[in-house]
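Have the model open as you read.

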Amino acid sequence: MRQSGATRREALKALTASGLATLSLPALTAPASATQGTPFQHGVASGAPEEQAVILWTRVTVEGARDLTLRWQVALDDTFETLVLEGEIVARASHDHTAKIDVRELKAGHRYAYRFLLGDARSPTGYTRTLAGVDAMRLVLGVVSCSHYGFGFFNAYRELGKRDDLDAIVHLGDYIYEYGPDGYGGDVAKEIGREHEPAHEILTLADYRVRFAQYRRDPDLQAAHAAAPFIAMWDDHETANNSWAAGADNHNPEKEGSWEGRRDAALRAYFEWMPMRDPKPGKAFHTLHRTYEMGRLASLHTIETRLTARSQEVNYEDEMLYAETHYDVSDARHPVPVTPEGASLLPEAYVEILKTPFSENDGMPVYDYARTKLWMTSALPEGYSYRPDTDRFRREVLGDPKRMLMGTAQLGWLAQELKTSRAKGTPWQILGNQIVMARMDAPDFTKAFPEDVIAPAIATNKYNRQWVERTKLGLPISPGAWDGYPADRQRLYKVVREAKANFIVLSGDSHQFWANDLRETPQGNRIGIEFATSSVSSKGGYDYLAADPRVYDIAEEVLQRDVPEIHWCDTRHRGFIVLEVTAESICADYMAVSTVKSRDYTVTRLRRFEVSQEGAGILSELKEV
Ligand SMILES: [Fe+2]
């Protein structure tokens, strides 16, 4: 069956006319891949599977602005003796010579081989799979995130690339990173010979394309793509670090042009290079939320938490609130401190609120108006400090109901999708999401780490010192995660509860492994289970503190003991999760690679956890199996 009207002869004519002989192949960086020297240097990929459809992808390396017509073939096996479908597709210069075909009329739950042909040149063979049909008993998903090219070799991808049992690989974001060689990860990149291309922070469409091309020449990433369809979503680094709806921490509009221009260039390159279905006509380019129905076993709902609605991340330093004293200033010569209740009875003009200084000697507050007022305008004298009022900060700043992550429209969509999935009797509702959802208030690491263990990491590094110091406040470890948007998280939990969803959350972003209990209120019932994967290669946060490796042991012990929603965590490994879904249970294998500094590595299973259902919307405790 053909999908394109062009005949084989026309295709060959197009090839000749396009001047295949002038194909020019740019130099490659090590390690070399099997595609080196062919026009298919970036391998093949598939993605966005449906029951009867899947996207197939490749790119042709060619100089000049000609469009090229490729043949594509889908077969039952890699001999390509029994073709199931074939057709032609144009790799357009306007799309960076990427070619993407939405193959339809396939059978549900089938594994297929596919390839592309250009004249005599054949692409590597890829394998893909349509989503499970109604009779599927088991699903297997690879789960990955955070693959910084410079931080290490993609051994996690390589492992997934060896498997033939994956229904899909779910990529939760940070598929590329935007930095130049001097940015985040640049020092490691230099050490291991994996410096970013182009050799500067990527800003333009051309830059983002070159970066995608570099990542896609990696043989291990190619292997993962060739093994199974990807279900991908972006996090921040596909555009720029800590992006939100109206900008990014790593974007300076004065020097780098408009945010919208950069974002749209980044996403255009994303949709060119990723085997993902483009947004439907009329939808905003950054619309990403989708549902993948996986037979009678699960529905996977992927959401967008960066560019649609996200409010800017709270900055603890700049936005902290401090203990204050109310003064009755009706007699200007003798202002007197009053309680907040007392102040509320006075006319507004008679009330002044000042930050309260505390003596570091005896911990006593200073209520003297004249001194307090003077110190507000000059610096505090030695021996005095202001005290963060973390309760008010949580309530008024972090907890501001206007702070958004998913936004109202996307949440409304999800509410409907969860209900539909439950109405069909689908056992599991899985949320594919970028960032960690569980409540994780920092344990006091100033007390947890013995002096000799932490001293080597904080003695010379002020960021490490500040980070450890701040854990005294007990605020969320990561204000860029759901913890920084508690009002939107509560709105999500309400929707989940109302749908009686059996709610499983997949998360990335943190560069560490977590198995978490999700609760609607800290003391309430379990509303879901979170399986959060570490990075493919990006450096873990505790690596910065672990000049003494006992840091990992202590951090893990204290996090598991003192943070109620953390069931288990691993702070030291890179890797991936393999999720096995049956109607009765979901098992998560936490897989670690021994190193990312070399392609010589071993892989081990750190843990296997199982969750089962105990009624509609009621999940069992995580069990280690
Ligand atoms: Fe990341």
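Strand β16 (residues 324–328) pairs with β17 in the antiparallel sense over three bridges. Strands and helices here are DSSP runs numbered from the N terminus (strands: E, at least two residues; helices: H or I, at least four), and two strands pair if DSSP finds at least two bridges between them. Across this pairing, His326 stands opposite Val338 in β17.

The model is a predicted one: local features need pLDDT of at least 70, side-chain atom pairs count only at pLDDT 80 or more, and totals for chains, interfaces and linings use all residues. Residues are numbered from 1 along each chain as its sequence is written.

The open sheet has the order β17-β16-β18, with antiparallel pairing. β17 (336–338) and β18 (351–355) are at the edges with a single partner strand each, so one side of each has no neighbour in the sheet.

## The seven-stranded sheet

A second open sheet, with mixed pairing, runs β14-β15-β21-β22-β24-β23-β25. Its edge strands, β14 (290–294) and β25 (566–570), each pair on one side only.

Within this sheet, β21 (residues 428–432) and β22 (residues 503–507) run parallel and are joined by four bridges. Here Gln429 stands opposite Phe503 in β22.

## Helix α14

Which residues of α14 (residues 451–458) are buried? They are Ile454, Ala457 and Ile458, where buried means that 20 or more other C-beta atoms, placed from the backbone, lie within 10 Å of the residue's own. These buried residues pack against α15 (462–470) and α17 (550–562), with contact meaning C-beta atoms, placed from the backbone, within 7 Å.

How values were computed: Buried ≥ 20, exposed ≤ 12 C-beta atoms within 10 Å, placed from the backbone. Contact = placed C-beta atoms within 7 Å.
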